[in-house]
Amino acid sequence: MRYIKNNDELSFNLKRARLHRELTQQEVADKLNVERSTYTYYETGRTTPTIYQIIEISKILKVNLSYFLFENNPQKDIVFIDKDNLGA
């Protein structure tokens, strides 16, 4: 069974994916159209992004949405959505 992740896990995964993409918080915040401090709050767990923002972040970071949302994900590593992963 899959469960929605808690805020601590979401925060950790947001930061992990961003760092893997070698982006700054400012760069992600700019693409998300929020202040850097707001995005920092997402990564520290002070606030939780809306589902719509999580969808946009997954697009920005090119990460499968389930990586941010669900526990018991069979993929323990980040699942990036790149040309190489599309099987094209």
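Let me start with a term: a residue is called buried when its relative accessible area is under 20%, exposed when that is over 50%, and partly exposed in between. Keep that in mind, and note that we're looking at a predicted model.

Take Glu 9, which sits in helix α1. Is Glu 9 buried, exposed or partly exposed? Its relative accessibility is 28%, so Glu 9 counts as partly exposed.

Now the helix itself. α1 has 14 residues and reaches 20 Å from its first C-alpha to its last, close to the 20 Å expected at 1.5 Å a residue. Which residues of α1 are buried? They are Leu 10, Ser 11, Asn 13, Leu 14, Ala 17 and Arg 18. These residues cover an arc of only 170° around the axis, which is why they lie on the same side of α1. Over on the other side, Asp 8, Phe 12 and His 20 are exposed. After the helix comes Glu 22, with a positive phi near 60°.

And what do the buried residues of α1 pack against? Their partners are α2, α3, α4 and α5.

That brings us to the largest nonpolar core, with its 18 residues. In soluble globular proteins, nonpolar side chains tend to be buried together.

Definitions and conventions: Residues numbered from 1 in each chain as written. Predicted model: local features only at pLDDT ≥ 70, side-chain atom pairs only at ≥ 80, totals over all residues. Heavy atoms only, no water. Core = buried A, V, L, I, M, F, W, Y, C linked by side-chain atoms within 4.5 Å. Buried < 20%, exposed > 50% of the residue type's maximum accessible area, 1.4 Å probe, protein only. Helix = DSSP H or I, 4+ residues; strand = E, 2+ residues; numbered from the N terminus. Expected span 1.5 Å × (residues − 1). Arc of directions from axis to C-beta. Contact = heavy atoms within 4.5 Å.
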